[in-house]
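Work through the exercises below with the model on screen. Try each task before reading its solution.

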6 protein chains.
Amino acid sequence: MATRSDGRSSDAPRKILIETGTQRFPEGSLIYRSGKTAVLIAASIEDSVPPWMKGKGRGWVTAEYEMHPRSNPERQRRSRSRGNLDGRSSEIQRLIARALRAAVDLGALGERMITVDCDVLDADGGTRTASITGGFVALAMALEHLRVRGLVGPGVVRREVAAISVGLVGDKHLVDLCYEEDSAAAVDLNVVATASAEVVEVQGTAEGAPVPKADFDRLLELGLGAIPALVARQREALSACGVELSRLMA
Amino acid sequence: MATRSDGRSSDAPRKILIETGTQRFPEGSLIYRSGKTAVLIAASIEDSVPPWMKGKGRGWVTAEYEMHPRSNPERQRRSRSRGNLDGRSSEIQRLIARALRAAVDLGALGERMITVDCDVLDADGGTRTASITGGFVALAMALEHLRVRGLVGPGVVRREVAAISVGLVGDKHLVDLCYEEDSAAAVDLNVVATASAEVVEVQGTAEGAPVPKADFDRLLELGLGAIPALVARQREALSACGVELSRLMA
Amino acid sequence: MATRSDGRSSDAPRKILIETGTQRFPEGSLIYRSGKTAVLIAASIEDSVPPWMKGKGRGWVTAEYEMHPRSNPERQRRSRSRGNLDGRSSEIQRLIARALRAAVDLGALGERMITVDCDVLDADGGTRTASITGGFVALAMALEHLRVRGLVGPGVVRREVAAISVGLVGDKHLVDLCYEEDSAAAVDLNVVATASAEVVEVQGTAEGAPVPKADFDRLLELGLGAIPALVARQREALSACGVELSRLMA
Amino acid sequence: MATRSDGRSSDAPRKILIETGTQRFPEGSLIYRSGKTAVLIAASIEDSVPPWMKGKGRGWVTAEYEMHPRSNPERQRRSRSRGNLDGRSSEIQRLIARALRAAVDLGALGERMITVDCDVLDADGGTRTASITGGFVALAMALEHLRVRGLVGPGVVRREVAAISVGLVGDKHLVDLCYEEDSAAAVDLNVVATASAEVVEVQGTAEGAPVPKADFDRLLELGLGAIPALVARQREALSACGVELSRLMA
Amino acid sequence: MATRSDGRSSDAPRKILIETGTQRFPEGSLIYRSGKTAVLIAASIEDSVPPWMKGKGRGWVTAEYEMHPRSNPERQRRSRSRGNLDGRSSEIQRLIARALRAAVDLGALGERMITVDCDVLDADGGTRTASITGGFVALAMALEHLRVRGLVGPGVVRREVAAISVGLVGDKHLVDLCYEEDSAAAVDLNVVATASAEVVEVQGTAEGAPVPKADFDRLLELGLGAIPALVARQREALSACGVELSRLMA
Amino acid sequence: MATRSDGRSSDAPRKILIETGTQRFPEGSLIYRSGKTAVLIAASIEDSVPPWMKGKGRGWVTAEYEMHPRSNPERQRRSRSRGNLDGRSSEIQRLIARALRAAVDLGALGERMITVDCDVLDADGGTRTASITGGFVALAMALEHLRVRGLVGPGVVRREVAAISVGLVGDKHLVDLCYEEDSAAAVDLNVVATASAEVVEVQGTAEGAPVPKADFDRLLELGLGAIPALVARQREALSACGVELSRLMA
């Protein structure tokens with residue numbers, strides 16, 4: 001396979017580094033690094049659900065995504081100064097939340113809400129997939145916190161979920177695009193999937209010319225193929241801080 | 001194929017009705033109806049581009065999407081009262097804009113902006129795909145307006161673009177879901193594609209359980225299969241108001 | 001009497017067209033056209049009243065008025081982008097609401113709220129009077145909806161209400177000004193009145209020089225004179241969709 | 001004529017008190033009191049006009065109206081806390097501005113803007129008419145300020161403008177309603193007019209039952225009849241601080 | 001001691017004028033003038049506390065501070081137009097509220113809230129200290145209002161609080177800086193203290209070069225020395241409207 | 001001296017940890033930890049100044065302060081969701097900015113702006129003083145970045161600035177209060193000063209009872225006494241990443 005600017009082969013994801021315990025209060029806390037991309041992630045448990053969910057005996061998982069004003073080469077204004085969350089961040093945090101809800105049995109969670117805050121410290125492509133893959137780790141840490149207090153049991157995690165980007169750059173199908181590659185990509189596909197390569201969510205845009213279904217298939221396959229390695233990294237990071245997923249799954 | 005609540009076969013889209021000329025001022029104007037879903041669409045030309053695009057000799061296509069407060073069984077507050085566009089609408093209007101930009105040669109458009117306003121009058125599922133399919137018609141009407149004034153030439157339309165939803169309801173793969181089907185769907189996939197079935201954008205979410213890639217493939221195929229009939233409807237509607245796409249395409 | 005640019009005599013209102021049933025969900029729905037002015041109107045019933053009215057056994061009627069971004073020759077930003085309703089729209093929607101409340105016995109309505117949404121599709125002068133005259137039709141449709149379910153009885157409509165603009169252009173007293181005439185008018189008067197020519201609300205501004213009371217009187221008389229024909233058109237439109245006002249009035 | 005709760009006859013306005021010079025910086029500054037109603041008014045000159053008026057050689061007069069949070073028996077939140085100007089205040093400040101523009105030759109003013117700030121300190125009915133009548137005094141003070149610096153000449157004031165409310169309470173036609181009367185009024189009419197009783201603006205609402213044109217005529221006549229006394233009070237207050245209107249009028 | 005531009009000696013505060021009873025509704029109301037600085041102050045009682053304080057049997061005192069748009073040589077936009085309270089006003093109103101809470105026994109106040117509105121009419125330096133010193137007077141008037149109705153007893157006022165600015169201009173230590181002096185000051189210190197010269201709050205900024213502790217001490221001493229005269233003025237103003245502080249203090 | 005809950009003596013600041021290089025893009029980047037308090041700090045250079053400073057040949061230093069939603073035991077809403085910066089954060093970021101401007105020769109900086117972003121990750125008291133002390137380090141890193149590119153010379157740093165809190169808890173004068181101590185403090189004083197113990201800013205509030213000047217003096221002395229050790233820590237951290245302050249100072 002062809003070599004890329006950072007020496008990776010086309011199907012190789014970037015190096016992942018997960019440092020847990022960054023913050024004191026969140027029930028799950030970490031910095032997730034994928035290459036030069038870094039996201040500060042915090043999962044927080046609250047003992048109530050939004051008004052429209054009350055009394056149904058089910059929980060909720062939501063996410064907030066925000067770029068640090070200097071996560072990019074040029075400093076951006078904070079969203080609070082704009083008085084409004086920009087469309088891109090809004091779209092992304094909805095994706096993260098859907099992906100993480102797919103991992104959880106909301107009935108088994110009970111009437112509580114877990115909010116996963118994703119603050120991008122450094123952006124070099126793949127911030128939404130990093131937020132999902134790292135977000136699952138923080139979420140599992142928070143659920144373990146509930147488990148040891150006897151508030152949830154096995155089965156609260158329905159499945160492990162991770163995400164990766166794939167893209168078509170020139171005639172090459174590449175996995176885990178950095179910013180430079182992403183900018184040059186004709187097609188950019190974000191794949192959210194389970195350890196067994198089942199699809200949770202797919203978002204793909206042909207920024208340049210539309211692509212034949214064959215190319216799309218090839219990209220999806222490539223993305224699904226990268227998921228098991230990500231799930232392995234999630235398990236390692238969780239084990240390292242004493243969380244065994246098997247105790248959270250049925 | 002199985003029959004649905006409204007008598008359609010599983011691969012049959014709903015009946016489409018395109019009434020053009022609803023409003024006086026927009027260069028392209030129509031009400032697009034797909035079954036019980038109705039969207040008021042207006043394409044407006046402005047002779048300038050956003051500040052960040054000035055001086056590059058290229059144009060821009062953008063979209064705004066809004067639910068009429070009574071497009072649903074319960075009246076909703078207007079977005080202006082909330083002082084903020086909700087996340088869902090924001091996500092949708094970004095999708096519509098990307099899809100329509102894929103149809104246009106922005107260089108050939110010159111330094112002008114076309115805004116496609118999509119106001120949902122009645123919602124019964126598929127409002128985003130209706131906005132894209134109908135939005136293409138309004139966009140072509142606006143471009144024809146520029147063509148007859150000699151401001152753009154053939155090639156300004158790069159390709160015809162249409163969109164459809166597909167979903168997995170029970171074990172059935174269905175095309176063009178109405179609200180009732182959409183609520184029951186395990187997977188919901190929106191497919192934006194060209195007449196020749198090339199993929200422009202794909203957004204699919206497994207709301208319930210994740211799905212094997214095979215199911216995903218089957219759904220994508222089904223969606224792509226429905227596009228040519230939509231494109232034929234777009235052409236008819238345009239012809240009926242004197243717009244021949246062949247004069248806008250290279 | 002003198003002839004105007006569109007051939008009307010000075011006391012002739014523009015041609016009115018009322019198409020009911022535009023939307024599926026609102027209890028009253030129509031597009032009201034007066035000449036080139038067009039307003040999409042929807043009356044929605046809700047089974048509760050604002051907090052400050054609770055427990056008083058009385059209902060409420062309110063209105064929202066908004067210009068479609070392309071209801072004018074130049075596209076305007078949506079009010080949601082400005083994060084604020086502009087002063088003119090705010091002033092107009094308060095007028096519409098007061099006018100429509102004058103038509104209803106709020107005690108007989110019971111603790112429910114009817115919101116009349118007025119979305120201007122095409123603006124050629126007289127959008128506020130069109131909203132009131134058309135708004136009464138939508139309101140009556142909604143009240144009929146309650147009547148057939150046995151929730152309100154005769155007398156809930158206290159009186160028929162309609163509105164028209166009159167103005168002084170040069171030395172001519174004209175009824176129902178189009179945009180071009182309105183721009184040239186020295187005085188612009190909006191008259192809201194009942195079928196029996198009793199005054200509900202009057203708003204008149206001498207944009208240029210102040211006018212003697214005699215001119216003001218002449219204009220008011222002219223406006224009141226045009227109301228009965230409008231009320232007749234309202235009755236026709238209601239009859240055509242099966243609503244007999246006599247069953248709603250005492 | 002009948003006597004009212006405060007001993008006035010039905011055609012008698014409340015006692016007016018105009019204290020000028022309340023603030024140091026505004027070119028025109030005063031507290032206007034009409035009975036128990038009190039408004040702090042400041043006219044400020046700026047040497048530029050809004051962007052949309054630039055280069056036309058004409059000036060502009062605008063107004064801002066705000067209730068002090070404790071101008072009523074119950075403390076209200078400040079408009080800044082609501083992040084929005086309420087509809088009523090917006091409607092009122094547009095009326096004040098139109099009324100004051102009718103008093104000024106905007107061409108003779110040159111490219112400057114005068115903003116008349118009206119802050120209601122105590123509300124007992126008639127705050128909008130107090131703002132107009134007092135606003136004219138502050139405006140004239142500011143114009144005198146320009147005149148003595150040679151920046152405007154005679155004719156910049158086109159006419160004296162004042163305003164009064166009239167209403168139908170029971171079967172009595174009353175002038176200058178206090179809050180208690182206003183609450184009980186079937187019809188409430190605000191009349192803006194010139195010293196020679198020509199109409200500048202009329203806003204009348206039949207809150208209860210609609211009224212015959214004859215009643216409306218009677219009210220308008222009553223209102224116009226009260227204007228000359230108000231204009232006399234304006235002249236006195238201006239003279240007392242050295243402003244002779246004759247030097248500002250043609 | 002050296003003489004200043006307005007003839008004062010360096011330790012002399014400006015002349016204070018307190019006119020009570022400006023507004024009808026606030027339980028405490030006055031205009032506080034210190035030299036050319038003028039602040040309209042209103043203390044309003046409400047019979048409930050913010051949600052987070054409910055059920056604790058304690059009251060709350062808060063403050064709002066706002067510049068009139070023409071309290072400065074150039075007219076400023078109203079805070080409502082900016083949709084946000086600026087940082088400086090926010091900082092100041094928090095200071096005022098803390099200072100006034102130090103004067104009150106919140107337990108003895110019971111579950112009520114007193115809001116002290118401070119609207120700056122003319123700004124010539126020292127607006128925050130004027131708001132505190134005058135705010136105490138308005139607050140005491142409001143508490144007296146409660147006392148005569150038997151709702152609070154002696155001890156509700158814990159101590160008299162007043163405030164003054166001091167600064168280092170050139171090598172001179174000056175008390176109560178006007179705007180011109182404030183602009184030239186190397187250090188600007190606001191001192192909030194009690195009649196017995198105990199410190200409630202101190203805020204000092206060395207705008208230019210940092211200052212030795214000795215200078216800081218000298219300024220603080222100077223400020224504390226000016227407090228008793230201010231407290232005497234507060235007592236006089238209160239006595240003049242029938243409020244004897246001794247009846248409110250333990 | 002007495003021992004505290006964490007074993008410190010009353011005049012001992014908490015242990016400081018400064019990790020530089022957290023983010024890739026900011027010219028100065030670090031996490032500053034003081035005991036359990038942690039702040040992510042980023043200094044960003046922009047090559048322009050705010051509009052009101054243009055053309056004066058001087059630079060500007062500003063700061064933004066924000067609590068991470070889970071920096072406290074209970075998760076808080078993001079400021080963007082409230083559509084407004086809360087008063088406390090606004091007050092704090094103004095203090096940070098003033099303190100850091102005192103450290104810089106704005107003329108020597110030239111027409112550039114440095115923004116110091118302070119995002120509190122963990123709050124245990126002293127977040128504003130941590131932001132100032134750590135902010136100086138980030139600021140110096142950014143200035144060194146300019147120096148090595150020849151854009152600023154020695155003298156751009158006028159003085160080293162650090163900050164510490166002191167307070168009166170019971171009868172003990174304590175330095176560097178943790179949250180628990182801060183909550184119990186009768187007086188809370190924030191001291192911003194230079195290495196040579198000159199005062200830059202002092203903010204002190206007697207939350208409970210006012211304090212005699214003697215206590216205030218003692219606290220200020222205690223605070224000033226702690227500054228040199230903080231400055232030593234700043235120098236070490238800067239040296240460790242190759243920044244010698246002597247090259248930035250005159």
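**Exercise 1.** Find the handedness of the crossing between α4(A) and α6(A), then list the residues that make the contact.

*Solution.* Start with the handedness: α4(A) passes α6(A) in a right-handed crossing. A crossing is right-handed if the near helix is turned clockwise from the far one by less than a right angle, and left-handed if anticlockwise. Next, the partners. Thr133(A), Phe136(A), Val137(A), Ala140(A) and Met141(A) come from α4(A), and Leu230(A), Gln234(A) and Leu238(A) from α6(A). Contact means heavy atoms within 4.5 Å. Now sort them by class: six are nonpolar, two polar and none charged. Here Ala, Val, Leu, Ile, Met, Phe, Trp, Tyr, Cys and Pro count as nonpolar, Asp, Glu, Lys and Arg as charged, and the others, Gly among them, as polar. Finish with the geometry. Helix α4 covers residues 127-148 of chain A and helix α6 residues 213-240; they pack at about 35 degrees with axes 10 Å apart. Axes are lines fitted to C-alpha atoms, for helices over the stretch in contact, and angles run from 0 to 180 degrees between N-to-C directions. Helices are DSSP runs (H or I, at least four residues), numbered from the N terminus.

The model is predicted: local features need pLDDT of at least 70, side-chain atom pairs count only at pLDDT 80 or more, and totals for chains, interfaces and linings use all residues. Residues are numbered from 1 along each chain as its sequence is written, chains are lettered from A and ligands numbered from 1 in the order written, and side-chain values use heavy atoms, leaving out hydrogens and water.

**Exercise 2.** Describe how α6(E) and α6(F) are arranged.

*Solution.* Take the axes of the two helices, residues 213-240 in each chain: they come within 12 Å and cross at roughly 155 degrees. α6(E) is therefore roughly antiparallel to α6(F) (angles over 145 degrees count as roughly antiparallel, under 35 as roughly parallel, 65 to 115 as roughly perpendicular and the rest as oblique). The crossing of α6(E) with α6(F) is right-handed. By class, this contact has six nonpolar, no polar and six charged residues.

**Exercise 3.** Are α2(E) and α2(F) parallel or perpendicular?

*Solution.* Read the angle first. The axes of these helices (residues 87-101 of each chain) come within 8 Å and cross at roughly 110 degrees. α2(E) and α2(F) are therefore roughly perpendicular. Their crossing is left-handed. Then look at the contact: among the residues of α2(E) are Arg88(E), Glu91(E) and Arg94(E), and α2(F) brings residues including Arg88(F), Glu91(F) and Arg94(F). The residues of this contact divide into no nonpolar, four polar and eight charged.

**Exercise 4.** How many residues of chain F are in contact with chain A, and how many salt bridges cross the interface?

*Solution.* Count the residues: 37 of chain F touch 37 of chain A. About 3100 Å² is buried, with carbon and sulfur atoms giving 43%. Buried area is the accessible area (1.4 Å probe) that two parts lose on being put together, summed over both. Then the salt bridges: the rule finds 14, each a side-chain nitrogen of Lys or Arg within 4 Å of a carboxyl oxygen of Asp or Glu. One of them joins Arg78(A) and Asp117(F), with the closest N and O atoms 2.9 Å apart.

**Exercise 5.** What is the distance between the closest C-alpha atoms of chain A and chain D?

*Solution.* It is 11 Å, and no contact joins chain A and chain D. Chain C and chain F do not touch either; their nearest C-alpha atoms are 11 Å apart.
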